[in-house]
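Hello,

Here is the structure I promised to pass on. Please have a look at it, then read my notes below.

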Amino acid sequence: MLRYIYATDLPQFPKLRDTMFRDRAEQFKTRLGWEVRVTDRGEERDEYDDLNPLYVIWELEDGSHGGSMRFLPTTGDTMVNDHFSHLTDGVRIESPLIWECTRWCLSPRADRRVSAALTLGAGELMAQNHLEHFVGVFDPRMERIYRLMGLSPDVIGRHGTGAAEIGVGLWEMKEAAFAPVLAKVGIDRATSKRWYHNSFSPVRDLIRAIA
């Protein structure tokens, strides 16, 4: 199932949290060879995990991480503005209607539904918060995944060639795009909405507001 969890709430899900950060280390450091920091616990974390992002996480039946993404509003600090502004000719992407999506990660234990489930989660997050776009940095590998999901980005800028190419793009998910993604996940829209709303209780929202 999909869970939508703010960083401040991750301690309530220790197995999900720990396996997510370890899977990030496995994917980004070990498999892709990115220059990322891995802690003594074997977890990949960065400064944006300290900004109370919202994680969209596919939880496996045993409570562990199957796949995830990280979201931050572009009205605050974001990776695309802090580190990739050369891809946008120095133009900052800032709007209350645009959130940044980073750290798309698939667990080695994930099945074929997970990419579609994460796409669904992004779309549900967009719909429920009345957002217009997500912005993110992508490479050719991720662009192929997005294309398979029927969600090719509106490319703002690119740099490099071949496997070293990176780009910045904007994504939107219109209502018509939900049906094929829901079919890949094997659920209906009512279930998707229920997963979203069940992730946010009034008590949890109150605690977050006070913090």
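**Overall fold**

Contacts between residues 24 or more positions apart make up 69% of the protein chain's contacts with a separation of 6 or more. Please keep in mind that this is a predicted model.

The protein chain has seven helices and seven strands. Their order along the sequence is β-α-β-β-α-β-α-β-α-β-β-α-α-α. Along the principal axes, the C-alpha atoms fill a box of roughly 45 × 45 × 35 Å.

Of the 211 residues, 52% are buried. The protein chain exposes about 10,500 Å², and carbon and sulfur atoms supply 53% of that area. There are 27 positive and 31 negative charges, and their mean positions are 5 Å apart.

H3 has 15 residues. From its first C-alpha to its last it reaches 21 Å, close to the 21 Å expected at 1.5 Å a residue. The helix is mostly covered, with 13 of its 15 residues buried. His130 follows H3 and has a positive phi, near 55°.

H4 spans residues 140-148. Its buried residues are Pro140, Met142, Glu143, Ile145 and Tyr146. What covers them? The cover includes helix H3 (114-128) and strand S4 (98-106). It also includes strands S5 (133-138), S6 (154-159) and S7 (166-171).

Trp171 is in strand S7. Its relative accessibility is 11%, so Trp171 counts as buried, the cut-off being under 20%. Leaving out residues up to four places away in sequence, Trp171 touches Met126, Glu132, His133, Phe134, Val135, Gly136, Phe138, Tyr146, Leu151, Ser152 and Pro153. One of these, Tyr146, is also among the buried residues of H4. Trp171 and Glu26 are 145 residues apart in sequence, and their C-alpha atoms are 26 Å apart in space.

Asp23 sits in helix H1 (residues 14-31). Is Asp23 buried or exposed? It counts as buried, because its relative accessibility is 7%. With residues up to four places away in sequence not counted, Asp23 touches His65, Cys105, Ser107, Pro108 and Arg109.

**Positive phi in two loops**

Asn52 lies in the loop between H1 and strand S2 (54-59). Its phi is near 55°, a positive value in a residue other than glycine. At 24% relative accessibility, Asn52 counts as partly exposed.

Asp89 is in the loop between helix H2 (79-83) and S4. Its phi is positive too, near 55°, and Asp89 is likewise a residue other than glycine. Asp89 has 75% relative accessibility, so it counts as exposed, for which the cut-off is over 50%.

Best wishes

How values were computed. Residues numbered from 1 in each chain as written. Predicted model: local features only at pLDDT ≥ 70, side-chain atom pairs only at ≥ 80, totals over all residues. Heavy atoms only, no water. Buried < 20%, exposed > 50% of the residue type's maximum accessible area, 1.4 Å probe, protein only. Helix = DSSP H or I, 4+ residues; strand = E, 2+ residues; numbered from the N terminus. Contact = heavy atoms within 4.5 Å. Expected span 1.5 Å × (residues − 1). Areas by Shrake-Rupley, 256 points an atom, 1.4 Å probe, with all protein chains shown as cover. Lys, Arg positive; Asp, Glu negative; His and termini not counted. Charge placed at Lys NZ, Arg CZ, Asp CG, Glu CD.
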